[in-house]
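Here is a friendly walk through a protein model, written for someone who likes to know the cut-off behind every term. Keep the viewer open as you read.

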Amino acid sequence: MDIFSQPDVQQAVLTGFAWILKLTGASGVLALVLGVLLAGMRVSPVPVLRGIGTTWVNTFRNTPLTLVVFFCYFGLYTTLSVELSSDLDLNVFWLGVLGLSAYTAAFVCEAIRSGINTVPPGQAEAARAIGLTFGQTLRLVILPQAGRAVVAPLGSILIALTKNATIVGTIGLAESANAMKQLINDNGNVVIPIFLVFAGIFVALLVPTGYLFNWLGNRLAVRR
Amino acid sequence: MATDTAPLIVLDGVNKWFGELHVLRDVHLSIARGEVIVVIGPSGSGKSTLCRAINRLETINGGEIRFDGVPLPAEGKALARLRSEVGMVFQSFNLFAHRTILDNVTLGPLRVRRESPDKARTHALELLERVGIANQADKYPAQLSGGQQQRAAIARALAMNPKAMLFDEPTSALDPEMVGEVLDVMTALARDGMTMVVVTHEMGFARHAAHRVVFMADGQLVEEAAPSEFFANPRSDRAKDFLSKILTH
């Protein structure tokens, strides 16, 4: 375990997990916003919006994330010259965020939609009966209750997102998995300890996340 | 432009099917301003559907419904505006479960009428006082008894200053000891001149608060009469049969 006492190794690990947290934070926010919008579209009375929502979910939920992230890099950036930052690292970071968000939003959408199904139809009827429009009914009555019903599943999606963020390493960001690969290449004699350390850090980050979301889910649950 | 003597709600040859089932058969009904109509009849007779069609929670397949002289809008903002003028009280209360009682009552005035928060709050507290649950304003619906929830739901509907109120079996989901408190609120409302359409099984309320009783069976409007006349001398066999079943106990 000597290698983890070397400052440059510590730096690589720290940088790696800092990228993971940044990827998770940025993609988590974007995916939540996008996922809620998609869920709204999928339950809307406008066929075109429903179509867009359904197509999005079917596309991104059924495509490997590696493929989505590769497309962002080799398709959008290399081929179509879509550059999201002049800084090389940041460009790859935002391309990664784009892919992770598009992919995760599909899962968020479906979680929210299942939450909408837990809201009794009478809630929407009462909202319409006092003169709220469809958008207001969704925003003020349905989504707040649907969201509270799916806090724990959203926590699972966030945990999956954190781990999925390692895939951005494949397009060149020095995140944790990339750092690990580098360490293993340089220290073939301590492969297992290196694995254990990286796995341990992920577990240490994500186990409390799971408990936090379960606790929040219970706390925020709507009593009927 | 409708005058004050023109009827407020007119159902003109209304028909509705649920698939094969013909739930409203050529219903004609005209309701004056300030009139209290009680709709009774066996279950499955179309009473609730009739009530819900008036604010278009149920669409109809034929005929026309006019509110205040204007045919019901089909959808969109115009329909939302119409609904804001017609209060509705449901069998299962349907209070917004994630909002306090006060927030339930102020939601419509704030978001539909764009009232100021102060004005909406003051009005809401007055209404909660009127239905006798001002001390429950900060609680959530699940913390209230059924009777209290239904009175809050009535306050929520009244907060929009509706031109008419629809009651769809408002006491059917209540424990017996809570029926009275809700009927008291409704009776007071009727006395104050509110136009009301009430679907109910409470014959006592029909007798003392209704101006007219409408009897429905199999989607048809079979008979309508003043309550005293209807209960003493029902003309149709269907009504006689129905009354004999519910009034013998």
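Let us settle one term before we start: two residues are in contact when heavy atoms lie within 4.5 Å. This is a predicted model, so local features need pLDDT of at least 70, side-chain atom pairs count only at pLDDT 80 or more, and totals for chains, interfaces and linings use all residues. Residues are numbered from 1 along each chain as its sequence is written, chains are lettered from A and ligands numbered from 1 in the order in which they are written, and side-chain values use heavy atoms, with hydrogens and water left out.

Q148(B) belongs to helix 5 (residues 146-158) of chain B; helices (H or I, at least four residues) and strands (E, at least two) are DSSP runs, numbered from the N terminus. With a relative accessible area of 18%, Q148(B) is buried. Here buried means under 20% relative accessible area, exposed means over 50%, and partly exposed is in between, using a 1.4 Å probe and protein chains only.

Helix 3 (residues 101-111) of chain B is mostly covered, as 8 of its 11 residues are buried. Among them are I101(B), N104(B), T106(B) and P109(B). What do these buried residues pack against? They meet helix 6 (134-149) of chain A, together with helix 4 (117-130) and helix 5 of chain B.

Next, look at K16(B), in strand 1 (residues 9-18) of chain B. Is K16(B) buried or exposed? It counts as buried, at 5% relative accessibility. Leaving aside neighbours within four places in sequence, K16(B) is in contact with residues including L21(B), V23(B), T49(B), E58(B) and N61(B). One of these contacts carries a charge pairing: E58(B) forms a salt bridge with K16(B), the closest N and O atoms being 3.9 Å apart. A salt bridge is a side-chain nitrogen of Lys or Arg within 4 Å of a carboxyl oxygen of Asp or Glu. E58(B) lies in the loop between helix 1 (47-53) and strand 4 (62-67) of chain B and K16(B) in strand 1, so the pair ties together parts that are 42 residues apart in sequence. E58(B) counts as buried too, at 15% relative accessibility.

The count comes to 18 salt bridges over all chains. In another of them, R33(B) and D68(B) pair up, with the closest N and O atoms 2.7 Å apart. R33(B) sits in the loop between strand 2 (21-31) and strand 3 (36-40) of chain B, and D68(B) in the loop between strand 4 and strand 5 (70-71) of chain B, so this pair ties together parts that are 35 residues apart in sequence. R33(B) is partly exposed at 29% relative accessibility, while D68(B) is buried at 18%. E224(B) and R212(B) meet in a salt bridge as well, 2.3 Å from N to O. Over in chain A, R42(A), R61(A), E110(A) and R113(A) are linked in a network of salt bridges.

Charges also meet rings in chain B. R156(B) lies over the face of F96(B), at 4.5 Å from the ring centre, and the charged end of R207(B) sits over the ring of F231(B), 4.5 Å from its centre. The test is that NZ of Lys or CZ of Arg is within 6 Å of the ring centre and within 35 degrees of the ring normal.

Rings of Phe, Tyr and Trp (its six-membered ring) pair if their centres lie within 6.5 Å; planes under 30 degrees apart count as stacked, over 60 as edge-to-face and the rest as tilted. F70(A), Y73(A), F74(A) and Y77(A) form one aromatic cluster, and F74(A) is partly exposed, with a relative accessible area of 43%.

We finish with L32(A), in helix 1 (residues 7-42) of chain A. L32(A) touches V108(A) and L154(A), not counting residues up to four places away in sequence, and is partly exposed at 42% relative accessible area.
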